[in-house]
Amino acid sequence: MAASHIRPALPVDAAAIARVHVETWRTTYPGILPDRYLVNLSPAAYARRWSVLLGQERRGRRTFVGVDGRGDVVAFASCGPQRTALSGYGGEFYAIYVAGEAQGQGWGRRLLGAMAQDLLDVGVPAAVVWVLRDNPSRWFYERLGGQRLAEQPISFAGARLTETAYGWTDLIPLSRLAADPPVG
Ligand SMILES: CC(C)(COP(=O)(O)OP(=O)(O)OC[C@H]1O[C@@H](n2cnc3c(N)ncnc32)[C@H](O)[C@@H]1OP(=O)(O)O)[C@@H](O)C(=O)NCCC(=O)NCCS
């Protein structure tokens, strides 16, 4: 078995990322997003969307995948320029999703570290993440030092929701997490 690792995503990863994307949305968002929306998520449609997105990485979004010892993509994360207007934070973590069976093994920590290093490499020292307030995974960001910055209402899939922003003013400590060994 090869060692598990994190690497930049390639267009060929689109279908595997889409599988993790749809699976994690269906396990994370029941009771938060409408059931109808979750039932209708299509891995094939997301594979097409990811294929397009991964072909446009130079527009600012960069995506990483976590690959386990069998060579399977078990996690992904994306970052890039901040899309909202929180001053002093040039970067944003857009997404971070770890497949159910791989959660709790350090993938989230290492992916956040890889994104922090990536933003530092392009001269961005600080970043935010927006997370649905009702998503219990937001404690992950608190555990990793994110400071609660702001809340905003959003409409998504016909639901009225609230997002919370967490921020890191210094990505250097976070970037060191990329080197953490996987658990287990
Ligand atoms: C949230 C998520 C990315 C965390 O990744 P992970 O690989 O499971 O987490 P890690 O194993 O790297 O854990 C890192 C630390 O965060 C803590 N942590 C992880 N999830 C947590 C949670 N839901 N609540 C509290 N702490 C959490 C871990 O206990 C660990 O703490 P430690 O340093 O004391 O050991 C992952 O569980 C996930 O994909 N969840 C579902 C999708 C989701 O909600 N994504 C975020 C959308 S904004």
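This is a predicted model: local features need pLDDT of at least 70, side-chain atom pairs count only at pLDDT 80 or more; totals for chains, interfaces and linings use all residues.

Ala 157 is found in the loop between strand S6 (147-156) and S7, and its phi is positive, at about 50°, although the residue is not a glycine.

**The loop residue**

- Ala 157 has a relative accessibility of 28%, so the residue counts as partly exposed, given that this class lies between the 20% limit for buried and the 50% limit for exposed.

**Packing of H1 and H3**

- Two packed helices are described by the angle between their axes and the distance between the axes.
- Helix H1 (residues 14-28) packs against helix H3 (residues 43-54) at an angle of about 125°, and their axes are 8 Å apart.
- That angle makes H1 oblique to H3, because angles over 145 degrees count as roughly antiparallel and those from 65 to 115 as roughly perpendicular.
- The crossing of H1 and H3 is right-handed.
- On the H1 side the contact is formed by Ala 14, Ala 15, Ile 17, Ala 18, His 21 and Val 22, which meet Pro 43, Tyr 46, Ala 47, Trp 50, Ser 51 and Leu 54 of H3.
- Sorted by class, the contact of H1 with H3 comprises 10 nonpolar residues and two polar ones, with no charged residues.

**Nonpolar cores**

- The largest nonpolar core has 27 residues, and those with the most contacts inside it are Tyr 29, Trp 50 and Phe 76.
- At least two residues of this core come from each of H1, H3, strand S2 (62-67), strand S3 (73-81), strand S4 (91-98) and strand S7 (159-168), and H1 gives the most, with seven residues.
- Apart from this core lies another, of 26 residues, which includes Leu 112, Val 129, Val 131 and Trp 168.
- Trp 50, not counting residues up to four places away in sequence, touches Ala 14, Ile 17, Ala 18 and His 21, and its other contacts are Arg 61, Thr 63, Phe 76 and Ser 78.

**Tyr 46 in H3**

- Tyr 46 lies in helix H3 and is buried, because its relative accessible area is 8%, where the limit for buried is under 20%.
- Beyond residues up to four places away in sequence, Tyr 46 touches Ala 18, His 21, Val 22, Tyr 37 and Leu 41.
- Tyr 46 and Asp 72 are 26 residues apart in sequence, and their C-alpha atoms are 18 Å apart in space.

**Leu 119 in H4**

- Leu 119 lies in helix H4 (residues 107-121) and is buried, with a relative accessible area of 1%.
- Leaving out residues up to four places away in sequence, Leu 119 touches Arg 62, Cys 79, Gly 80, Gly 91, Glu 92, Phe 93, Val 124, Ala 127 and Leu 171.
- Although Leu 119 and Arg 62 are 57 residues apart in sequence, they are 9.5 Å apart in space from C-alpha to C-alpha.

**Gly 66 in S2**

- Gly 66 lies in strand S2 and is buried, with a relative accessible area of 0%.
- With neighbours within four places in sequence set aside, Gly 66 is in contact with His 5, Ile 6, Asp 72, Val 73, Val 74, Ala 75, Trp 107 and Leu 111.
- Gly 66 and Trp 139 are 73 residues apart in sequence and 21 Å apart in space, C-alpha to C-alpha.

Key: Residues are numbered from 1 along each chain as its sequence is written. Side-chain values use heavy atoms; hydrogens and water are left out. Axes are lines fitted to C-alpha atoms, for helices over the stretch in contact, and angles run from 0 to 180 degrees between N-to-C directions. Helices (H or I, at least four residues) and strands (E, at least two) are DSSP runs, numbered from the N terminus. Angles under 35 degrees count as roughly parallel, over 145 as roughly antiparallel, 65 to 115 as roughly perpendicular and the rest as oblique. A crossing is left-handed if the near helix is turned anticlockwise from the far one by less than a right angle, and right-handed if clockwise. Contact means heavy atoms within 4.5 Å. Ala, Val, Leu, Ile, Met, Phe, Trp, Tyr, Cys and Pro count as nonpolar, Asp, Glu, Lys and Arg as charged, and the others, Gly among them, as polar. A nonpolar core is a set of buried Ala, Val, Leu, Ile, Met, Phe, Trp, Tyr and Cys residues joined through side-chain atoms within 4.5 Å. Buried means under 20% relative accessible area, exposed over 50%, partly exposed in between (1.4 Å probe, protein chains only).
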